[in-house]
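Please look over the sequence and the model before reading on.

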Amino acid sequence: MSEQMLDIEKIRIDGDTQPRVAIDENTVKQYAADMERGAEFPPVQVMFDGAAYWLVDGFHRYHAHKKLSKAQIAVEVATGVQTEAQWQSLTANKTHGLRRTNDDKVKAVLKAIKLKPDLTDHVIARHVGVSQPMVSKYRASIEEARKRQEKVAAAKKAVDKGFQQAPGSGGEVSRPAKRIGKDGKRYSARKPQSKRSATSSKPAISPTAMTPIRGLSPVDERKHIGMSKDPLMGARALVDLFDRSYLEILIAEVRAILDGTAGTPPSLQNIAHLIQ
């Protein structure tokens, strides 16, 4: 790794190499003030891929230089591609600099798992500078979220294709049975229409629902619904309130919960984008 002065405008910070959740503006101001008083800071670390210099470590120092309108900054240059810069950035500040927040650590763990999912939890923990149980916890959350997405996607696909649940089949689905028409020919049974418009594919509450919850999408908000102790009456209440597409997915989710295969919903709101 070589040290040199580099034009600050040549450094790229848009390559997803920022390991923190956000820049601390107070720290930037303090660094800038210290620099004006003559304090010396260690060089920032960049990775050169032959065309761009990706900032790996030293974002607060970089922004302090920008705040002071400095044209150059001291850098340590390593050679590597952008993904290598992203991976190396996850080691930043685990032993020096501004202390990382818990959110910073979580972001680094999730990013490390996404970049190198084949590495063991122990190796990732050592690279990022966190405990192995922490890595295991968030890897499990990612896997649970992925399975839930696949399950919901499969249920939606079955509904879109007109599949119906096969009675007593233990969860498998089958195509609608053939029906004999007036002309004697056999036709596939039509998929039952919901009480809403047949052109509406988005799960939603039926227009016949009682006023307090009418118009609120069950996938967007949770609302209390009074249920009868009689399972049959409870089932009829749900059919009156919700579209068929929503109920098909609901049945699949309830079955998974009863079977113990649904898992625990992930606690982080930012896990979904990691499994796209």
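Which backbone nitrogen does the side chain of His 60 reach at 3.0 Å? The side chain of His 60 reaches the backbone nitrogen of Asp 24. The model is predicted, so local features need pLDDT of at least 70 and side-chain atom pairs count only at pLDDT 80 or more, while totals for chains, interfaces and linings use all residues. Residues are numbered from 1 along each chain as its sequence is written, and side-chain values use heavy atoms, with hydrogens and water left out.

- An open sheet is built from 5 strands in the order 1-5-3-4-2, with mixed pairing; strands are DSSP runs of E with at least two residues, helices are runs of H or I with at least four, and both are numbered from the N terminus.
- Strand 1 (2-7) and strand 2 (11-12) are at the edges, each with a single partner strand, so one side of each has no neighbour in the sheet.
- Strand 2 pairs with strand 4 (residues 53-57) in the parallel sense over 2 bridges; two strands pair if DSSP finds at least two bridges between them.
- Ile 11 is opposite Tyr 53 in strand 4.

**Helices on the sheet**

- Helix 2 packs on the sheet and touches strand 2, strand 3 (44-48), strand 4 and strand 5 (72-79); contact means heavy atoms within 4.5 Å.
- The direction of helix 2 makes about 120° with that of strand 4; axes are lines fitted to C-alpha atoms, for helices over the stretch in contact, and angles run from 0 to 180 degrees between N-to-C directions.
- Helix 3 (residues 82-89) also packs on the sheet, where helix 3 touches strand 3 and strand 4, and its direction makes about 15° with that of strand 4.

- His 60 lies in helix 2 and counts as buried because its relative accessibility is 6%; buried means under 20% relative accessible area, exposed over 50%, and partly exposed in between (1.4 Å probe, protein chains only).
- Not counting residues up to four places away in sequence, His 60 touches residues including Arg 20, Tyr 31 and Leu 98.
- The C-alpha atoms of His 60 and Glu 25 are separated by 8.3 Å, although the two residues are 35 residues apart along the chain.
- Arg 61 lies in helix 2 (residues 59-67) and, at 9% relative accessibility, counts as buried.
- A polar atom of the Arg 61 side chain lies 2.9 Å from the backbone oxygen of Pro 42.
- Leaving aside neighbours within four places in sequence, the contacts of Arg 61 include Tyr 31, Phe 41 and Ile 73.

**Aromatic pairs**

- There are 2 aromatic pairs in the structure; rings of Phe, Tyr and Trp (its six-membered ring) pair if their centres lie within 6.5 Å, and planes under 30 degrees apart count as stacked, over 60 as edge-to-face and the rest as tilted.
- The ring centres of Tyr 31 and Phe 41 are 5.0 Å apart and the planes are at 55°, so this pair is tilted.
- Tyr 31 lies in helix 1 (residues 25-36) and Phe 41 in the loop between helix 1 and strand 3, so the pair ties together parts 10 residues apart in sequence.
- Tyr 31 is buried at 18% relative accessible area, whereas Phe 41 is partly exposed at 26%.
- Phe 48 and Tyr 53 form a stacked pair, 4.3 Å centre to centre with 25° between the planes.

Key: Polar contact = N/O pair within 3.5 Å; in protein donor to acceptor, adjacent residues only side chain to side chain.
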